[in-house]
Amino acid sequence: MIARTKSEQLFGEALRYLPGGVNSPVRAFRAVGGQPFFVDRAEGCRLHDVDGNTYIDYVGTWGPAILGHAYPGIIQAVQRAAELGTSFGVPNPLEVTMARLITELVPSIQKVRLCNSGTEACMSAIRLARGFTGRDKFIKFDGCYHGHADCLLVKAGSGALTFGHPDSAGVPQAFSQHTLVLPYNDPEAVRATFAANPGQIAAIILEPVPGNAGLYLPQPGYLEFLRQITREHGAVLIFDEVMTGFRLSPGGYQQLCGVVPDLTCLGKIIGGGLPVGAFGGRADIMDMLAPLGPVYQAGTLSGNPLAMAAGIAALDALRQGDAYRKLEALGAQLQEGLTAAAHEAGKTVCFNRCGSMFCGYFTPGPVFNLGDAMKSDRQLFARYFHGMLEAGVYLAPSQFEAGFISAAHTPADIETTVRAAARVLKSI
Ligand code: KE4
């Protein structure tokens, strides 16, 4: 067993001050058992814990670290910005640069509002769609997670799902009664819901590639169907690309699939690891936002110069380099290696992948929605997680999370991971 004495001491102290010892539930390892380790520093594709152990990291702080940790261009940009002040509460040039970059890279975003988290982005996008249409109801899909705003914590994914009670305590029925939850990849369910709620549905919000119940993909034609039916019924189509934005291509998944949403939510990568969120889209919808229009949204630290500097450095590096080609090659290598290792060990694994996002489900599959994902053997996953951790590989501490490869991973790191998996899968 790897010694983690200092992490255990820190966790004991953390439990005194922080509920569950963490500031975000999934970090607590409740889905896999054991205790979290504490990171001292990170660079490239590796985390170094406070006990001197090193791990190849496939969580990447849940998506932002697409270039790897402590990416020099980002560190230097943040250092330069910090010397000029950490927050102004007054417009600063970096906000304009970031907004211009986003609108250039994601053409469906004609105007954008920056905020401080993906939760805030999704919550605000729903409010904006309701204000624009004058309607209250909206459709989300089970297993999709859009942050922890009250109206969205209904059959959510990610941590909410991991804890086995998809709905959250503290959310009054009145706050979620307008949230219509449907199975993903089921066009008939969407048709029936619009038919049953004529003229009442403000929006559909979805992760175009759901990454909060593991990872699964839209069936061919599904996103095109959602685009068409929302147009027919005057509903706003919202792509939550907080995870997929700039992860799968410079223009997000919408660039790959060719489906143009009305609004897009962003986060994670555009902050380069600092707190950030954004939502944007059609100008006629966005101009409903205060101070122009009647839909209120605000934030003390929105457009914060440090987060902007970090995000601009990240987006510049992504658009100028060959990161996406590299990420695809590494993803394919990992998928091939882990699939072969599972087969060799006699373990049934359904491995889903989209570029540098992936999930290995311990179930025969296929996995196209939450119901399929829930068939996975979570106990076996927990043993696999800990076996890999002991082997120096940090996977997402839940079967219902996506893994992330960074441009700092190398083919040798992938090979090391595959060899470790081959050993662990035979032993569990
Ligand atoms: P944040 O509020 O955590 O910045 O973003 C919420 C959010 C919105 N939309 C999507 C598609 C997301 O994946 C997220 C957040 N993702 C989780 C990982 N599954 C964050 C990890 C955590 O909650 O600690």
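Select Ala-70 to begin, and you will find this residue in the loop between strand 3 (54-57) and helix 2 (72-83), where helices (H or I, at least four residues) and strands (E, at least two) are DSSP runs numbered from the N terminus. Ala-70 has a positive phi of about 50° although it is not a glycine. Most residues other than glycine have a negative phi, and most peptide bonds are trans.

Residues are numbered from 1 along each chain as its sequence is written. The model is a predicted one, in which local features need pLDDT of at least 70 and side-chain atom pairs count only at pLDDT 80 or more, while totals for chains, interfaces and linings use all residues, and side-chain values use heavy atoms, with hydrogens and water left out.

Next, colour the chain by domain: domain 1 covers 5-70 + 322-427 and domain 2 covers 72-320, with bounds that come from an automatic or database domain assignment. The centres of the two domains, taken over C-alpha atoms, are 25 Å apart, and their contact (heavy atoms within 4.5 Å) takes 35 residues from domain 1 and 36 residues from domain 2. Between them the domains bury about 2900 Å², 68% of it on carbon and sulfur atoms; buried area is the accessible area (1.4 Å probe) that two parts lose on being put together, summed over both.

Now select helix 3 (residues 93-105) together with helix 11 (305-320). Helix 3 and helix 11 pack at an angle of about 35°, with their axes 9 Å apart; axes are lines fitted to C-alpha atoms, for helices over the stretch in contact, and angles run from 0 to 180 degrees between N-to-C directions. Among the residues that meet are Leu-94, Met-98 and Leu-101 in helix 3, and Met-308, Ile-312 and Leu-315 in helix 11. By class, this contact has nine nonpolar, two polar and four charged residues, where Ala, Val, Leu, Ile, Met, Phe, Trp, Tyr, Cys and Pro count as nonpolar, Asp, Glu, Lys and Arg as charged, and the others, Gly among them, as polar.

The peptide bond from Ala-290 to Pro-291 is cis, with omega near 10°.

Then go to Pro-366, in the loop between strand 12 (357-361) and helix 13 (370-373), where the peptide bond from Gly-365 to Pro-366 is also cis, with omega near 0°.

Finish with helix 14 (residues 378-390) and helix 15 (residues 411-427), which pack at an angle of about 130°, with their axes 9 Å apart.
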